[in-house]
Amino acid sequence: MSVTLEALGLDSSTAAFFHKALPLKTVPAELVPGRVARVDKGLATVLTEDGPVRASWSGALLGAIAGDPHAAPCTGDWAVLRHWPDDRITLESLAPRRTAIVRAEVSGTSKGQMLAANVDVIAIVVGLHPEPNIGRIERFLALAWESGARPVVVLTKADLVGDADAIAEDVAAAAPGADVLVCSTATGEGLDAVRDLLADDATLALLGSSGAGKSSLVNALAGVELLDVQEIREDGKGRHTSVRRELVVLPGGGVVIDTPGLRGIGLQEHGEGLAAAFPDVTALAESCRFKDCSHDGEPGCAVKAALADGTLPYRRYDSWVQLRKEAAYMARRSDARARALAKKEWVRASKSYRRDVKPR
């Protein structure tokens, strides 16, 4: 299936990159632009204007990955491909990422796992039955805000509950700055509002736990069965369906990136995402008398005052404290890893100097 780069979500900054990397008047036939739809071990499925192709990593790209694991291709990346005379196709380089969804690895290392790139809107997909975990939604929101994309909470399975609007109000209170949409893929309720997120060929990434209804949502937006889905269980929970991150071009316009259910949603580091997810608590913390206030008994603590008068719920405060500690811990690990790599590079350079340069 052929498709234009614009239909794949091409933006002006990426178009400028391709114009420089692939000058229109001199572009060799063996170099073509495309967008990464799926990544397997050492291979990527890339969508081009002539159809999808399978590409391996070039030597230059492998070298870049050796120095920075985040340089590896991921779903949503824009790439330059090379067609070789022997019919091989290699992925030569990647365009700079406008946005990137990165979570801490399940193993607890500080490297981080790239989930998707060049996303315009992140839909945090949450089933209304059983009742959503607000703290988990806040964690997803911190991850989403950190990416640079616009977060939206999409509450699915509205047909299974009778108080969807009341639950949505509770979620909205914990998601300042993010729209909260309610929908049902079974009845079609609210799907038009979700489709609006794809206006102007935008790229929408779906994040959520297993069984939240992400694949069903993709099929509903497409109007055809593009992805496999499974029946929900008797307790209302869905079953894990997606096994890899995959970019899907919708017939009506727009691009969706479906992702496997995330069991762990670790924050990569202490950045802007946490402040954006908790603007109310952050504003209170900045109003404390002391800049280094620990919010644990100091005089003039605006956070404790808000807890005392009920304007700040204890549940939300506890969630902020937990995520703040976790993000700060990961930032310290990241710094330690950077220092270790710098020391390793210094040792390597010193050995090279003594071997190849220092006079004997």
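Figure 1. Two strands are said to pair if DSSP finds at least two bridges between them. The elements named here are DSSP runs numbered from the N terminus, helices being H or I with at least four residues and strands E with at least two. The model is predicted, so local features are given at pLDDT of at least 70, side-chain atom pairs at pLDDT 80 or more, and totals for chains, interfaces and linings use all residues. Residues are numbered from 1 along each chain as its sequence is written, and side-chain values use heavy atoms, with hydrogens and water left out. Strand β1 covers residues 31-40 and runs antiparallel to β4, to which five bridges join it. Within this pairing, P33 of β1 faces V80 of β4. Strand β1 also pairs with strand β2 (residues 43-48), again in the antiparallel sense and over five bridges. Here V36 has V46 of β2 as its bridge partner. The two strands β1 and β2 make a hairpin, with two residues between them.

**Figure 2. Parallel pairing of β8 and β9.** Strand β8 (residues 121-127) lies alongside β9 in the parallel sense, and seven bridges connect the two. The bridge partner of V121 is R150 in β9. Strand β9 spans residues 150-156, and six of its seven residues are buried, so the strand is mostly covered. Buried means under 20% relative accessible area, exposed means over 50%, and partly exposed is in between (1.4 Å probe, protein chains only). R150 is partly exposed, at 37% relative accessibility.

**Figure 3. Salt bridge between D179 and R150.** A salt bridge is counted where a side-chain nitrogen of Lys or Arg lies within 4 Å of a carboxyl oxygen of Asp or Glu. By this rule the model has 14 salt bridges. One of them joins the side chains of D179 and R150, at 3.5 Å from N to O. D179 belongs to strand β10 (residues 179-182) and R150 to strand β9, so this pair, 29 residues apart, links distant parts of the chain. D179 has 45% relative accessibility and counts as partly exposed.

**Figure 4. Salt bridge between R97 and D77.** The closest N and O atoms of R97 and D77 are 2.8 Å apart in this salt bridge. R97 sits in the loop between β5 (89-94) and β6 (100-103), while D77 sits in the loop between α2 (59-67) and β4 (78-83), so the contact ties together parts that are 20 residues apart in sequence.

Figure 5. R316 and E138 form a salt bridge in which the closest N and O atoms are 2.7 Å apart. Helix α10 (residues 314-356) holds R316 and helix α3 (residues 134-147) holds E138, so the pair ties together parts that are 178 residues apart in sequence. Salt bridges link E138, D280, R315 and R316 in a network.

Figure 6. Most residues other than glycine have a negative phi, and most peptide bonds are trans. The peptide bond from H129 to P130 is cis, with omega near 0 degrees. P130 is placed in the loop between β8 and α3. K157, a residue other than glycine, has a positive phi near 65 degrees. It is found in the loop between β9 and α4. K157 is buried, its relative accessible area being 12%. D200 also has a positive phi without being glycine, the value being near 60 degrees. The loop that holds D200 runs between α5 (191-195) and β11 (203-207). D200 is exposed, with 79% relative accessible area.
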